[in-house]
Amino acid sequence: MEVQKSILKAPAVDRLQRSRRVILTTDVAESSVTIRDVDVVIDLCEHKRPRWNALSKQSFLTTSNISKDEATQRAGRTGRLREGTVIRVLTKSVYEGLKQHVDPGIKHARLEDVILTIFEHWKVLGTPEQFLNKLPDPPETEQVRAATRRLLELRGIEKDRSGMPKLTEFGRLLQRMPVDPEVGILVMSGVHFGVVHECCVMASIIQRGLPFLENPNWTLKESQRFVAVRDACLQDLPADAGQACNMYPSDLIAGLQAYRAWQQQQLQHPDWSLHGEWSWCLGHFFSLQRLHEIEETVIQLRSVLQQLKLAREVPAEIVGRVRERCKQMLTPDLEPPEPCWAEAPDCDVKALLGVCTPDPKKQWLLRWCIASAFTSGALEVTGGGCSEAMQVRFVPGSSQVTPASLLRYLQEHSDLVTSVTSGKKGECYAQFRHGAPARQLVQALDFANEVPWKHAMLWQRGKFSHPTWQARQCYMKHSKEFKIIPTSAASPLLLNRCTVVSAQILPVASPDGKVLCSCSFCSVMPPGVVPAVLEAVYPAVRKFSDGDQLELLCAGHREMLPTLAAALRGLDADPAIVPDLTTKLRSIRASIGKEMGEDDRNVQRIVKKRADEAISIMESLAALEPSNSVGLREMLPSLETCNLAAFSLVPF
């Protein structure tokens, strides 16, 4: 919001020299935005929208033409306060063939929340198919059934004696929370493992976005300062001795750490004015608007948990303070203040986090909760590590960029660049003294504007690392191309073999029919975490008698996966640890729901034991040598027939 306001602000009038301003925007500016001095709107008449695909049983992000109603709405960005011109970049015949109205969102959106409400009142409303078919534009029958199956898989609903589904405790939680089922599992995992507040913050980050600023007009130096602040938020685990950084970065935990640092700063300045707080946030690359939205969502989630007697209520004085701050932020014509630039904002953030960051054991527990919630977004990655990369390959933007000029430019931004050499095709290779500054520079480039090259990438042993991905069948059936968004803290990957858990995988369909899965809100985990959380907490899974395979039902697809014991053999782990870890997995599964009806003391004892077991499992997996991690393989044949009765469903 802070960046948008600065972009949309009218420039100062210069009587001697007229200037033209060009605003490049997505359809976010299609409505609810008034820019007073717009003379011309150039409209490509296209947008990207989720479109339900019956074969894949999910929605793909697809580029398509807009409707005539949307074209009219876009034209309204000019001509409202002054004369204006609209240029539509398509032929008249194509325009005449556009749909008149926008497709209803229900035809392409997830339906789990709607179906939960229908099942809560099914005696009056009927089945989901019966009720939704009465709508003027009903969703496809398969879309409704896919959402119902997903709720059954996650134990959001179960069948009663008459065979009619009813809401479970988890289903009632989902029905009251405005979140997707997987995000609801993250909140419920916080309840089960004693990290309610932290999981509510991470769930709010998924709903509202990361609390960092992103400015398309940053210089490279500003981008480097931002990356340094984000790196400070990423170092929640002890740094690897060889890499001097956390080998298991997490976007969600980085956002949580930024939230913690902001709240710690509030505690140190109880009389902070709004402008003082906002100025400090801008100077430390935090978005105050986003932080307030996250805090408001946390209160909403905690309120639902309190109503269901799953967590304590947020104190009324805190709620009142948050609401008052949010009201102040909504003041009309409120302008962002000038940033209060710190000399070393990353050091400030590190100092704040040094006061309020829990010990590493709790941070491992948060990663367990993330993996438990987003098993459908778990990706096994092989061959993507760039921990040894000390070179960056640049493709210059023009012939005027020479190795000598590039070296001078880079040395202005890093004193660890030793040389720049040219390649056979005009590319340049910058050599760094260590791998860390090379990685940080590449990460900063994704946020910088106006750099003298087209693109840059880490270069290791004379090549670019191309990882191999293995994912759930609901994605692998249509694409083997996965990409972590460049601005994610998980990119580039450091480990040659790891698990990446993405809270949001978005299949993007290109005009030629190819599908690329874009992964965001990513967390890097040790290999073996997927079978561990499946055995411990995932409802729709069963273990075969041979002890080596799991049968999993995920998003309507059956899959065969190795058990943790089988995965550890593939990792050449010490066989002595297998019985202990297997016992802890069984103990966690058996304990889910045991605290219901117990007094507070017994609840705390059960939750603490469960959390200690999860931490022990995560620490054991992380202790395995990275070089051994090349042996882990997932078996992912597609089994289409879904028979829910065959699965052992654990209350969640």
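Modeller: The model is a predicted one. Its secondary structure comprises 24 helices and 18 strands. The radius of gyration is 26 Å, close to the 26 Å that the globule rule gives for 652 residues, so the protein is as compact as a globular protein of that length. Along the principal axes, the C-alpha atoms fill a box of roughly 80 × 60 × 55 Å.

The interior may be approached through contacts and burial. Among contacts between residues at least 6 apart in sequence, 73% join residues at least 24 apart. Of the 652 residues, 51% count as buried.

The part to examine closely is the largest nonpolar core, which has 168 residues. Which of its members touch the most other members? They are Leu186, Phe286, Leu305, Trp368 and Phe394. Leaving aside residues up to four places away in sequence, Phe286 touches Pro211, Phe212, Leu213, Val229, Ala258, Ala261, Trp280, Cys281, Leu291 and Val349.

Phe285 also deserves a look. This residue is placed in the loop between α13 (274–283) and α14 (288–307). Is Phe285 buried or exposed? Its relative accessibility is 1%, and a residue under 20% counts as buried, so Phe285 is buried. Its backbone is also of interest: phi of Phe285 is near 65°, a positive value in a residue other than glycine. Most residues other than glycine have a negative phi, and most peptide bonds are trans.

Another positive phi is found at Ala555, where the angle is about 55° although the residue is not a glycine. Ala555 is placed in the loop between β17 (549–554) and β18 (557–562). With a relative accessible area of 25%, Ala555 is partly exposed, whereas Phe285 is buried. A further backbone feature is the cis peptide bond that joins Ser491 and Pro492, with omega about 0°. Pro492 has its place in the loop between β13 (482–484) and β14 (497–509).

Glu613 is found in helix α24, which covers residues 600–623. Not counting residues up to four places away in sequence, Glu613 touches Lys584, Ser587 and Ile588.

Arg21 is found in the loop between α1 (2–8) and β1 (40–43). Its relative accessible area is 33%, and Arg21 is therefore partly exposed, because that value lies between the limits of 20% and 50%. Arg21 and Val38 stand 17 residues apart along the chain, and their C-alpha atoms are separated by 9.0 Å.

Ala344 lies in the loop between α15 (316–329) and α16 (345–356), and counts as partly exposed at 26% relative accessibility. Ala344 and Ser204 are 140 residues apart along the chain, with 28 Å between their C-alpha atoms.

Methods. Residues are numbered from 1 along each chain as its sequence is written. This is a predicted model: local features need pLDDT of at least 70, side-chain atom pairs count only at pLDDT 80 or more; totals for chains, interfaces and linings use all residues. Side-chain values use heavy atoms; hydrogens and water are left out. A nonpolar core is a set of buried Ala, Val, Leu, Ile, Met, Phe, Trp, Tyr and Cys residues joined through side-chain atoms within 4.5 Å. Buried means under 20% relative accessible area, exposed over 50%, partly exposed in between (1.4 Å probe, protein chains only). Contact means heavy atoms within 4.5 Å. Helices (H or I, at least four residues) and strands (E, at least two) are DSSP runs, numbered from the N terminus. The radius of gyration is taken over C-alpha atoms; the globule rule is 2.2 Å times the number of residues to the power 0.38.
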